[in-house]
Amino acid sequence: MVSAIGAVVLKEIVVEFRNRSLLYTLLLFTVVVVLILAFALMEKTIAPELFVAFCWIVLFFLAIQSGARSFAAEYERETVVLLHTLVSGYAVFWGKVVYQVGMVTFLMSIAAALLLLVFDVPIASMTGFWLTLGVSSVLMGAMVPIFSALIARSQMKGALLPVLAFPVFVPLMRLGIEGMLDAVLKQWHVQTLILMGAYAGIVITLAAMLFDYVWRE
Amino acid sequence: MKAILIGLGVVGGIIVGLVPAVHRPRPRWWMALCVGGMGLTIALGLLPPLSGTFRDAVITWRQVNPELYVPVAGTLDWDAAVAIGDTLVVPMTDRAIPPTTAQVLIPSALSVPKDASVVILAVQRWKNDQQFVMRGIVAADPILALPFIPGLEERARNLFFHVPLSWVAVIAYAYALWYAVLFLRRRRFIDDVHSVSAVSIGTLFALLATVTGSIWAKFNWGSFWNWDPRETSIFLLLLIYAAYFALRQSIEEPQRRAQIAAVYAIVAFVTVPFLVFIMPRLMEGLHPGSASDQTAGPILSTQPGVLHPLKQIVFALSMFSFSLLFFWLLSLRVRSGILALRHKIQQVQEMSEIR
């Protein structure tokens, strides 16, 4: 099973690095957001609350955009038959989750580093901030594939993904924003991360259990 | 007692609602029970006058609005009445525990039935906390009266409509979840009809809960929408289930549509306990029972006297009746959905015969 998941992850990386379109698009998005914020605010020091809000806006759109075409592309390229034949639905799901998590976490780390570089933000607990950001990126990335699979064969795919995913993301976002604010303003609490993990854990477990119903014809 | 009554209303509503299977027509006794329950809920929720105490009148004068008239229930001692000019000063003992006696100034233009043992007078604090001026009569010897809550006044009646509406929405979404699971297991289109019908009626109830809540909020908190955690929760629930319909609309193939919608209904329901029961209680907000409230709210609080006995009865009845109303609407929607499904199957069969 682990090798099948690894094969799916490898396939995703190879396909992505063949044209790097998604990677470049998301990198460009990240840089553009940071630049626009820098141009608009024109000041070095910004309020920590504003910094947290920027981080979450970037994180939400990175998660959504990175997963938007994950499954739809399989149908368009007709690689779906190959995946059906070679690996189980379980391996496809976890392979996509691992890839998404890696992609979102990598890009979010760049975005946060850029934001910290451009703006002078006094952060009370740097460990807490990076830990909250890391956990949030991992969980957001892991929650996207089930929604991406749900919309893969629907009309108006692009518009539907944020509509479906946003309300389910909100509890996680609410906790994540609160946790990040605590880390930036005073002291971070591990309880927030546990609560986030518990909520996302339920969604991801359910998604893994139900994925076969979406994946199989 | 409160827990038993409300528990009976909630559980009874679900059990009686499900007694004739949802896809069967409702029997006459069942419809009579639903109509009677709803009628009684509306009558008991809206008609009984409010009855307060002199203490409520003083609190209202000091903390809420000095211009407001407060309905105070009590017994007038006509034998000790004294006439001062155009005004009659009558001692009145209210129904508080322990009772308080104060002077009520009754202008000659207003008349009060002297044979009534209990009267509810609309009064306003006068020169001190022991003197009140009468502005009108609310009721004489009322059979039932609801308690007056300073700061909420007549708006407290919203409890009998707003809370059951949102509760029924939760029942509807749980019902949709159950039938979504059944659809994935049995692959029967009838289960999908049950699930989609429950979501549509649940969303209607959630919308009504939002409307009743925001109208109430306008008059109590000053604006229709305050982004209180519970308001945010219901807004997100509406978004989730609006997305459910958008998803269904975007898939043409019926089998796939039902399958994808069932998966989404299950994943989406995970948020319901969090949004309805956990988040509003963990965060500070305006609704009763939030983190900033010292009690768990009038319904869940274990403190005695938080919810008046008559209110407990009306609330339990309203939970029961609204649940029945939901199952009635659901039954109609499911039966029409099944008819539409049969019609489609018939059409397909006829087409294949022609070919």
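Hi everyone. Before we start, this is a predicted model, where local features need pLDDT of at least 70, side-chain atom pairs count only at pLDDT 80 or more, and totals for chains, interfaces and linings use all residues. Residues are numbered from 1 along each chain as its sequence is written, chains are lettered from A and ligands numbered from 1 in the order written, and side-chain values use heavy atoms, leaving out hydrogens and water.

Let's begin where the chains meet. Chain B brings 26 residues to the contact and chain A brings 28, with contact meaning heavy atoms within 4.5 Å. Together the two chains bury about 2500 Å², and 77% of that is on carbon and sulfur atoms. Buried area here is the accessible area, with a 1.4 Å probe, that two parts lose on being put together, summed over both. On chain B, Arg256(B), Val267(B) and Phe274(B) supply 22% of the area this chain buries against chain A, more than any other three residues.

How many salt bridges join chain B and chain A? The count is zero, taking a salt bridge as a side-chain nitrogen of Lys or Arg within 4 Å of a carboxyl oxygen of Asp or Glu.

Helix 6, helix 7 and helix 8 (271–282) of chain B each give at least two residues to the side touching chain A. Helices are DSSP runs (H or I, at least four residues), numbered from the N terminus. That side has 18 nonpolar, four polar and four charged residues.

Now the cavity, a set of points on a 1 Å grid over the protein atoms alone where a 1.4 Å probe fits but cannot get out; lining residues have an atom within 4 Å of a point. The structure holds one cavity of 30 Å³ or more. Lining the largest cavity are Leu150(A), Arg153(A), Ser154(A), Ile251(B), Arg256(B) and Ile260(B).

Finally, a pocket is an open set with protein on both sides within 12 Å along at least five of seven lines.

How values were computed
Ala, Val, Leu, Ile, Met, Phe, Trp, Tyr, Cys and Pro count as nonpolar, Asp, Glu, Lys and Arg as charged, and the others, Gly among them, as polar. Grid points are joined across faces, edges and corners, and a volume is the space filled by probe spheres set on the points.
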